[in-house]
Amino acid sequence: MKKGTSFLIAILVYSSLILLAVFFTIDNPRYDLILQDYRMLIDGFITTILASLITLVCSMVIGFVLFLAERSKHNIVHAFAVVFSEIIMGTPLLIMIFLAVYVIGGIIFISNKFVLGVFALTLYMAPYLSNAYKTAVAVVDKDQYIVMNLYHFTLFEKYRYIIIPQMIRPLLPSLINNLSSIIKGSALLRIVSVSDISYVLTVISSKNWAAIEGYYVMWLLYLIITIPLSILAKYLAKKVSI
């Protein structure tokens, strides 16, 4: 059986199972009660995408700083970067959001929960982006570093003209996968009442006594976002490996 045919069969089987779950595991499903608030759903969808994109950009910046710090020859800078990464990566996202909104927000006098939620997601994702940079920089071999040192390149010149241009291509699939992770992780922002997909559907389903229908719609909306991203990441990964 051809590979394309196999994938088509797999997609049809899983689609059938999803439809079975959505329409036949509930007595008298009332999805109309959920979809009648479509404006709220659209707003939640936009909020999720906006929060995720801002998080990705900010975590790319902080992750790159962290990446440079971990490669630093100064022991104190290296140590602080490594310990920071270990603390963040050992902290559940739920706790990170709680700390950002109810602790850090009070310290820095910011009360906007969207901003603080994005801040929490950014801190949480920064070490993962730093690891992505470490993987991408492996394409620069030792000989290139020798040549850069031979011509007395400054640190800025090394990254600006040699290292970063070569990192971009292998980095793209990882960035898309991280964006997908951010989108799924953003569902936890509902605990601080950020009006994303998760929060909006929780409110709508509670109002209409349609909790199960709400979770099914939430599931499908996240799949609509994340599956295309996953396909794109795999496509770019193949292009990179060529």
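Reader: How far apart are the mean positions of the positive and negative charges of the chain?

Author: In this predicted model, the mean positions of the 18 positive and 11 negative charges of the chain lie 8 Å apart. The count of salt bridges comes to 3.

Reader: What makes Asp37 and Lys207 a salt bridge?

Author: The closest N and O atoms of Asp37 and Lys207 are 3.0 Å apart, and a salt bridge requires a side-chain nitrogen of Lys or Arg within 4 Å of a carboxyl oxygen of Asp or Glu, so the pair meets the rule. Asp37 sits in the loop between helix 2 (31-35) and helix 3 (38-70) while Lys207 belongs to helix 9, and therefore the pair ties together parts that are 170 residues apart in sequence.

Reader: Why is Asp37 called buried, and why is Lys207 called partly exposed?

Author: Buried means under 20% relative accessible area, and because Asp37 has 16%, it counts as buried. Lys207, with a relative accessible area of 49%, falls between the limits of 20% and 50% and is therefore partly exposed.

Reader: What is the relative accessible area of Asp32, and how does Arg30 count?

Author: Asp32 has a relative accessible area of 40% and is partly exposed, and Arg30, at 33% relative accessibility, likewise counts as partly exposed. These two residues form a salt bridge, with 2.8 Å between the closest N and O atoms.

Reader: Why can Leu188 be part of the nonpolar patch on the surface?

Author: Patches are made of residues with over 30% relative accessible area and no salt bridge, and Leu188 has 32%, so its accessibility passes that cut-off. Leu188 is found in the loop between helix 8 (155-185) and helix 9 (197-207), whereas the largest share of the patch, 7 residues, comes from helix 5 (residues 93-107). Together with residues including Phe98, Tyr102 and Ile191, Leu188 belongs to a patch with about 1,000 Å² of accessible area.

Notes: Residues are numbered from 1 along each chain as its sequence is written. This is a predicted model: local features need pLDDT of at least 70, side-chain atom pairs count only at pLDDT 80 or more; totals for chains, interfaces and linings use all residues. Side-chain values use heavy atoms; hydrogens and water are left out. Patches are made of residues with over 30% relative accessible area and no salt bridge: like charges are joined within 9 Å, nonpolar side chains (Val, Leu, Ile, Met, Phe, Trp, Tyr) within 5 Å. Accessible areas come from the Shrake-Rupley method with a 1.4 Å probe; for residues, only the protein chains shown count as cover. Helices (H or I, at least four residues) and strands (E, at least two) are DSSP runs, numbered from the N terminus. Buried means under 20% relative accessible area, exposed over 50%, partly exposed in between (1.4 Å probe, protein chains only). Lys and Arg count as positive and Asp and Glu as negative; His and the chain ends are not counted. The place of a charge is taken as NZ of Lys, CZ of Arg, CG of Asp or CD of Glu.
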